[in-house]
Amino acid sequence: GFQFLKKNATSGIVFNGVGVNGATYADFLKYPLQLEELKQVNPDVVMISLGTNESLSTITKEEFQKSAQDLIQAFRKDNPTLPILLISPTDNKLKGDRIQEIVSWIKEISTQNNTAFLNMYEATGGKGYFVKSLARKEANGDGVHFLKPGYTQQAEMIWKALNEALK
């Protein structure tokens, strides 16, 4: 769902999160109301972190990249210069081998659409990251989702990467 923080905020960072278990790039295109509500916030930057669920499916490169491109274009429809950061998925325990393929597709679509790209698969150490996270009690036994400590660690990595990029 949506988390809208303090409508009257005038400074600092206002974070609106849309976290839906099982969501894919295509899912956000199915429900135009969600996109319209997000665009009404008038974001300074959009960060999209998807791809894990596609790695568990039989989606083709063409289908995936069309959905990703359509989502980027939907966000930029009214603001063509809107900065967008695509964040790749990390390793998972179910189909970790497919993640690398998905990451390459996201990187390619990022280049084609002039967005920033953060390779979280590489940043977290690649294959085996999920199993290590399980051992540290930072991941869920479902093989895909993380627990609060795991997501917190990833958020800190994203924050650090943003700070480095803005130097």
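## Threonine 115

Let's start in the loop between α5 and β3, where threonine 115 is found. Keep in mind that this is a predicted model. With a relative accessible area of 12%, threonine 115 counts as buried because that value falls under the 20% cut-off.

What does the side chain of threonine 115 join up with through a polar contact? The partner is the side chain of serine 110, at 2.7 Å. Setting aside neighbours within four places in sequence, threonine 115 is in contact with Ile72, Arg76, Ile84, Leu86 and Ser110.

## Asparagine 113

Asparagine 113 sits in the loop that runs between α5 (96-112) and β3 (116-118). Is asparagine 113 buried or exposed? It's buried, at 11% relative accessibility.

The asparagine 113 side chain reaches back to the backbone oxygen of isoleucine 109, at 2.9 Å. Once neighbours within four places in sequence are left out, the contacts of asparagine 113 are Gln69, Ile72 and Arg76. Ile72 and Arg76 also turn up among the contacts of threonine 115.

## Aromatic pairs

Over to the rings: the structure has five aromatic pairs. One of them brings together phenylalanine 146 and tyrosine 151, 5.7 Å centre to centre. Their planes are 70° apart, so the pair counts as edge-to-face, the label for angles over 60 degrees.

The two partners in that pair have their own burial values: phenylalanine 146 is buried, with a relative accessible area of 8%, while tyrosine 151 is partly exposed at 40%. Both belong to a cluster linked by ring pairs, made up of Tyr129, Phe130, Phe146 and Tyr151.

Notes. Residues numbered from 1 in each chain as written. Predicted model: local features only at pLDDT ≥ 70, side-chain atom pairs only at ≥ 80, totals over all residues. Heavy atoms only, no water. Phe/Tyr/Trp six-rings, centres within 6.5 Å; stacked < 30°, edge-to-face > 60°. Buried < 20%, exposed > 50% of the residue type's maximum accessible area, 1.4 Å probe, protein only. Helix = DSSP H or I, 4+ residues; strand = E, 2+ residues; numbered from the N terminus. Polar contact = N/O pair within 3.5 Å; in protein donor to acceptor, adjacent residues only side chain to side chain. Contact = heavy atoms within 4.5 Å.
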